[in-house]
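Dear colleague,

Please read them with the model open beside you.

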Amino acid sequence: MTTSPAFQSQDALKPLPFDPSKLTGLSERMIRSHWENNYGGSVKALAAVKARLVQAAGDKDLPPYIYNDLKREHLIRTGSVVLHELYFENLGGSGEAAATEREAIAQAFGSFEDWVREFRRIGAGLGGGSGWVVLGFNLHTRQLENYWMADHAHGPAATVPILVMDMYEHSYQMDYGAAAAKYIDAFFQNIQWESVSARLAGARAI
């Protein structure tokens, strides 16, 4: 049976777009573990869930609530794969925002420094738990905003992620233990601002 595009998946991991041995304050050991085990686990889980959905779609006797259990996993795993890929893609830079990025953010937040303070504050609030901090461009309101996300499944409607910071403990525990603030410092030192700028330009063109 031919699988329709909506149910197709792949279990190959997207390669890291940077040399993990050259990040500042984030060890190669931790990055590789994060990429292989956490992101990689989600990629493989998503492929498995989609394969089960193909089987379930042909089972007319399967109760809807059982099918929806699979759809719940589909939602969660999709969110994890997408957010992890965006996270790794916005790492590997110098951490120095160019004038164009600083100006775009300042226009939305009053100043670049005000944006940094709020983004960091949200991250600090998630320390020791789980979730994501996302600078996103809302296609409905046409606003650039920071968002708090508790998990992979619940994100702001009509929003394109522009900068993504993983605040699950697996993203920093190996290097910093419970010191999430030190990880946030390291994250800012490694932001790939060219990627951020390209995402923002793409979102504004929609």
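A158 is found in the loop between β2 and β3 (159-166), where strands (E, at least two residues) are DSSP runs numbered from the N terminus, as are helices (H or I, at least four residues). This is a predicted model, in which local features need pLDDT of at least 70 and side-chain atom pairs count only at pLDDT 80 or more, while totals for chains, interfaces and linings use all residues. Residues are numbered from 1 along each chain as its sequence is written, and side-chain values use heavy atoms, with hydrogens and water left out.

Most residues other than glycine have a negative phi. A158, although not a glycine, has a positive phi of about 55 degrees, and R142, also not a glycine, has a positive phi of about 60 degrees. R142 sits in the loop between β1 (132-138) and β2 (143-149).

As for the pocket, which residues lie nearest the centre of the largest pocket? They are L83, M149, H152, G155 and P161, from a lining of 15 residues. A pocket here is an open set of points on a 1 Å grid over the protein atoms alone, where a 1.4 Å probe fits, with protein on both sides within 12 Å along at least five of seven lines, and lining residues have an atom within 4 Å of a point. Within this lining, α2 (64-89) and β3 each supply at least two residues, and α2 gives the most, with six.

With best wishes
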